[in-house]
Structures are given as structure tokens and as C-alpha cells.
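Okay, thanks for making time, everyone. Let me put the structure up and walk you through a few spots in it.

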Amino acid sequence: MWIFATAIAILVLVLALVRFRRSTGTPVEKPQTHMEVSSGIGIPPEAIDASQAGQADRQAGVALPRIPPPQQREDDGALASRRLRKIDLPKEVELAWEAGGLIEFQKGAWAVAKDPSEHEETDQEERTPSSIAEETYTLPERYGIDRLVLMARDPNWVYAYWEITHEKYRQMYEKHLRDWGLSRPVLRIYELTPGQGRHKEMDIFVDDHTDNWYINISKPRQTLMAELGRLFPEGVFVKMLTSNIITLPADTVSDKICLEWPPVGWPEQYLDFRAKIGTSSPMTWGKDANA
Amino acid sequence: MPKGFLSVVLHAHLPFVRHVDTPDCLEQRWLFQAITETYIPLLNTMFRLAEDGLPGRVTVSLSPPLLEMLDDTLLQKRYIGHLENLIELAEKETVRLKGDITLEPLARMYLSKFRQAYIDYVDRFKCNLIQPWAALESEGYVELCTSAATHAYLPLMLTKGSIKAQIITGLNTFRRHFGHTPKGFWLPECAYTPDVEPVLKHEGVQYFILETHGVLFSTPRPRFGYHAPVVTPHGLLAFARDPDCSKQVWSADEGYPGDPWYREYYRDIGYDLPLEYLGKALPGNTRVPLGIKYHRVTDRKSNYKDFYRPDIAKARAWEHAGNFMFWRNKEAEFWKDLYGRRPLMVAPYDAELFGHWWYEGPLFLENLLRRMAQERQHVRPITLCQYREYYPVNQPAEPSVSGWGYKGYHQVWLERSNHWIYRHLHACEMLMSRLAEKFKSATGLMERALNQAARELMLAQASDWPFIMNSGTVYQYAVNRFVTHVGRFLKLARQLEAGTVDPGFLRHLERTDTIFPDMDFRDFTAGFRDTEKVS
């Protein structure tokens, strides 16, 4: 009987901790949109610039507003009935959309990983007949693999996602039962230097309910790996997952010079060259002219 | 002697949008519009130049999904139907606008263009847009290359087996259509990772193209910056995109396509005219662009649009080609003096920019190539392979990981709207490799199921889906396509692992996703298979 009591007590403690961390914990790194900048929660809808609203969201891939198409009027004349454009929307619709976006954002603020299957269900009625397959597929939430995968996005950012199987979790939990409730999940990043082995670069406290994270490292050309584990009160780190090894891309010209090919007469502009224009790909059909 | 070289590279790609059961599918129109507005006009341009004996020396990359769609009889038939509807609509337009001094000539222009496209497609090219490219290549007017199987974003893949399968399947598709291995390989979105090199080397590819800083940031420092290729550790040539060539054409603010006299893309009668009038030219009652547009850019910042004037637009295309040449001459002179070696300017563009987005694009290209053929120009057109004939020795260096998307790395394909796809893709990659190893010697139904599973995985891997999710244009379509292909793959994988493949389901998939008839799932295993290669 007392085992049950202890288990329940631990559960309550864990839940309380999670709550606590939710309210105080480290913010989730995400690409910035204006909503996050405007700190979301307390902002009155009037304060939002309607002409700018939604542009960032659309770029970030947030779904378009569901607004019924305007009724076709006979007397409009041929050329007067224009395509419905974002810029032509009435202000109320803009604001309603914006408010919807805010709510959606708050709801999902801590659950970083948006489950695509959720999206599937909510938008089912919108599905065009062209996309209906032989059955409606939903993607599994878990694949039953213990994995931590790092992806180098650019010289500054790394994206990490992970999955811990129930067996692995229970195994670790049983092994460290005593202090489990006091431990915190931690993503530990290591730098790898040839000849010097690895050394710890940083610890990121993540949430128990999160399975992915954007990490700002800003170390171009650096080779990295990571471990996901739990940090116990005495400072003991218990490893649960080990990642793949990645190398961040370069963000400037190399310091190495080949004597056979010395860069003489190299113009200054090379040294601070940055990728300036973002293009491209033809798949921008129907993109708004004003976007 | 010229002072520099210019190499124009056009990359044509569309995702595989063949929907057997929905003939009126919106997304299929991407292909139809691109055929009318880009692929046929570009072919005509090249043939006109060839007739005048002008060596265009343009490198054209045709992506495997595009090749498969252009070769597909069902889509060919549907395209003809689409064009017939368009011609009918254009005829109606000439009647509606009769007597209108500005608009009637425009309506007549579209009618004659569509009729000409019909004659070209049906009578001249016999519904086959692949053969004409092969003919142009054999005459030495263009150089052809291809891309990864479904245009997957290679640096974001987890397993080397998947990278290998994407590249090999893409090259095999090209070989099946053209009978030889291409000399160059278009890395999807110019996205480079060192892992692609062993595969390209093994398959006999000689060069690829990178975003500017892919070469400029290579190690050690490249002596000639981005004006000469570097030799990669595997002995391939890595060419860099010239930033000025890109900016003058691509840039939204200062690029040529934004000229006030050019045709406005976003004003289309598909949006402007009443639904009942447009009738069957539209799919159902959904408004889509139809390719009949009467307005010009006028002012990019304003919604007021004037009517289009083809004569002035034509003159502008000639002037812009001259302006482009002027800057290339200057660039060549400057760098030639600085380096003592003739610089190479590589100008890669999406082919669909020319004609579809930028209506006057094919004309600009023709003018450019005609102007370049004139005596007094300092710049000579070459294909990338010909560069080696002038400069056989190049600096060895390791290129930097890069891509040509926004900000120069992988941000477009890995951000909030689309990062969720990778946990599925990577799990499927691992599953596919495992299945391929386990059933290496499968035959019959099992082999077919494995090949179909490989097709489904590759269709899910297309870089188009995360790109669309990022841009938000047809978000739901991209999500549906991704989920469907992963779902189909997982269902097949479950059946394979259980050893009970459902033949009916398999046949359904084989009929639906017909891409890559010569797919071999064994490409997903580690190491290379020793196959007979056409060279």
C-alpha cells in the first residue's frame, strides 16, 4: 500500500514541478514573429497594425484565415470583381484573424511540436477533393526509436528533436527512482575539437513535454554533438540519449590560405560577404503580390 | 579574345503533381501553365537561335519529376484538353472585347499565342517536350543536366543511403530519357553537403553549382573568389553563382521583371471576370490564374494597374538585355585586370521565372544571347563543361555547406512551419534502409512492394513540401501530400515486415504514383551496387 502512496506523492511532485517550470522556465526558441515580439498575451487587438498583421505568420506557415469568399455581384462589372487579397480585407476580419492567431499561439506556446495529425483533423472540411487519398492517413506520434537528432540549420542555429521510448524511460526511472522527481531534463551540448576530444559547451533545461528545440550556438565551422539526460540535485547528469555529430556551416571566408593559390588582389568586399538576396524556387505560385 | 565567360543555367522543376483520379486538380495546372508559358517558349527560343547558327550554350537542368510528367501520356492528354479550353476562352475574349482599341489586340495576341502553342505541342513536338531538348543537345546548342530524384533537400537528410538513392534514381531517370549520364548535376536548391560527393563521383558526374558563398567560403580561401570553380576533394568542379547576375534578374526591388512596362503577373482574368463567363476554363468554381492578363506592372507599390503594351515591353526586353550585357562586360574587364585570368560568371535561374513569372523572360534571354554573339562584346557564352577546355587546372578546396534559399542556408526548409516533417522523414529513411538490407534479394510481389515503398518515401522527401509550408501558399495541399506519401510508405512497410503484401493496395499505389518505373529499392542499402551504366 505504501508503495502506491509514494508513487502518487512522486507523481504529484513531478506535476507541480512541471507547472512551476512552465511558469518560470526557459523560453522556447522559435523563429520570431511579430506576435512574439508584441508579447502576445496582454496586447489589445486595436494596438496591432492591421496592415502588417499576418504577414509574418503567413511566412512562418501559419494557416490562412478561413473567410468565406465575397459574394459575386452581378452589377459589379467585369473588371471590378477582384481577387480577394489580404490587403483588401476589412479591418474586423483582420483583427479576428489576428486574435485567432494569438489564441492559437498561446495554446501551443509550450507544446512546441505541433502534431501534424491534429492539423489534419481540424482542417478536414477544408480539404479539396483533389487531395483525398484511398484512406485518411494519420502519422504516428512515436516510432519506437530512442533517438536524438541534431540538424545544423545555419552557422548560428541548430535544431534538435528527440524521442524516448517508454521502456527506456521506465528503465531510467526505476534506476534513479529516489531523486527522479527532483531531476530536470537537460539537453547538454558538447563541442568536438580534433585532438582535444569533447568538452561541454552548454546545458539547456528543456521541458518534460517537449520533444524539440532550437539552439542558438553561433559557432560557425564548429563540430558539435549533444546528449539528452537528466540533471539531479547533486549535479549528477544521467545520460539518456546521444545525438549524431554535426558541423555548423561557415559564415565567412576561410583563414587558411594555400601557398600555391594565394588570394592576391582579393577585394575587401569578400571578407564581409553575406548571402544577400534570398531567392528562390519556382514553387511560389499564387503568392501574394504584396507579400 | 574575350575577357570573360558567361554561363546561363536554367533549372526547370515542378513537383510530381499527377493526380489520376482528379483530372481537374488545381495543382496539375502548375505543369500546364509552365508548359504554355515557359517550356514551349524556351524551346522555341533555342530553336530560333539554332536556326541562326548562334550557339546559345545554355545549360538546362530538367528535374526527374518534370521529365516523368512531360513523358506521361495521361498528363499530355490532359494538357491538350486544358489548352483547348484556353483557346475557346481566348476566342470568347476576342468577341467580348471587339472594338476595344487597347484590349482587342491583346485578346488577339493571346488567342494566336495559344493556337501557336497548340500547333507546337501537338504537331511540331508530337506532345513530347523531351525529345526536342535531346536534339538541341546533340547539336551542341545546349547542355543538359538533371537533379535529385524528387528534388529532395539533401543536407537535411539523415542517412547517406537516402542521399545516394535520391541522386542515383535522379541520374537513372535522366539516362532513361536521354541515353547518357549528364555531365553536371543540379543540387536541389543549390544545397550542398559533402555527403553528395562520393555518389556523384561514383556515377560519373563532373560538376555542380553552388550558391556564391558555397565556393567563396571554401577552405582554403579560393584565389579567384567566385569567378572560378574549385576542385572538390572528390575531384568534381564546384561552380559559384554570380551574385550580380542573380540580383539584376531576381531581386524584387531592382530586378528587371519589376519594370513598369512588363506584364503584371497578379492581374488575371481568372480573378477578374465573372465565374459563369469563364466556365470550364476554371476547375469547378475555384478562381485560378488562367494566363490571360491585360495589365502591366505600372507601379509595384500600388494596386492601380495600366493596360499592357506588348510593343513597349518588347523594346524594354531588348534594352534590359543590353543593360545586362553592359554590366557583364564591366564585370569581366574589372576581374580580368585584377586576377589576370578571365572570370567566369555563372547565372543560374529557375526556368519557370522565364515566361511564367516574367512574361518577357524568354525574349530577354533570346536578346541576351543574340547580343552576346556580337563582335564587340568582351563576354563569351560557354557551358560549364567547356570551361575546363580553357582552364583545365583549378584550385583544390573544400566547399562550404550552403543553399540558395533565404539567408543562404537551410532556414526556409527548417523552421517553425515545417520542422515537424523531419522526425517522420528520418524515421522512414532508417526504416527503408533496414527493409532494403533485410529483403535485398526479394523478388516478385515483395520486390514490387519494396520499390513502391521507395517511390512513396522519395515523393515525401521532395523539398517542395517544406517550401510550400514555409511560404504558406497552398499549405494544406503540401501537408496532405506529405502525410499521404508517408502514410502509404508506412502502410507498405508494415505489410512488408509482416510478410503479407496486399496486392490490391499495391496495384492501386503503382497506378497512382507512377514515377520512376525503373526504381530499384536496393539503392537504399549501404555501398554501391555494380550495375551496368550507360555512359
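Predicted model: local features only at pLDDT ≥ 70, side-chain atom pairs only at ≥ 80, totals over all residues.

Helix 16 of chain B, residues 444-460, and helix 19 of chain B, residues 503-512, have axes that come within 10 Å and cross at roughly 45°. Because of that angle, helix 16 of chain B is oblique to helix 19 of chain B. As for the hand, the crossing of helix 16 of chain B past helix 19 of chain B is left-handed.

Which residues in the two helices meet? From helix 16 of chain B you have L445(B), R448(B), A449(B) and Q452(B), and across from them, in helix 19 of chain B, sit P503(B), L506(B), L509(B) and E510(B). Sort that contact between helix 16 and helix 19 of chain B by class and you get 5 nonpolar, 1 polar and 2 charged residues.

Okay, on to the core. The largest nonpolar core has 196 residues, and the ones touching the most other members are A160(A), A453(B) and A454(B). Helix 18 of chain B, residues 475-498, gives this core its largest share, 11 residues. In soluble globular proteins, nonpolar side chains tend to be buried together.

Let's zoom in on A453(B). Skip the neighbours within four places in sequence, and what is A453(B) in contact with? The list is M432(B), L435(B), F489(B), L492(B), A493(B), L496(B) and F521(B).

Now over to chain A. Chain A has 6 helices and 8 strands, and along the sequence the pattern goes α-α-α-α-α-β-β-α-β-β-β-β-β-β. Of the 291 residues in chain A, buried ones make up 20%. And if you take the chain A contacts between residues at least 6 apart in sequence, 66% of them join residues at least 24 apart.

Here's one residue to look at in chain A: L187(A), which lies in strand 3, residues 184-193. Is L187(A) buried or exposed? L187(A) counts as buried, because it has 22 C-beta neighbours inside 10 Å, and the cut-off for buried is 20 or more.

Leaving out neighbours within four places in sequence, L187(A) is in contact with A160(A), I204(A), V206(A), W213(A), A226(A) and L228(A).

How values were computed. Residues numbered from 1 in each chain as written. Chains lettered and ligands numbered in written order. Axes fitted to C-alpha atoms, helices over the stretch in contact; angles between N-to-C directions. Helix = DSSP H or I, 4+ residues; strand = E, 2+ residues; numbered from the N terminus. Parallel < 35°, antiparallel > 145°, perpendicular 65-115°, else oblique. Left-handed = near helix turned anticlockwise from the far one by under 90°. Contact = placed C-beta atoms within 7 Å. Nonpolar A, V, L, I, M, F, W, Y, C, P; charged D, E, K, R; others polar. Core = buried A, V, L, I, M, F, W, Y, C linked by C-beta atoms within 7 Å. Buried ≥ 20, exposed ≤ 12 C-beta atoms within 10 Å, placed from the backbone.
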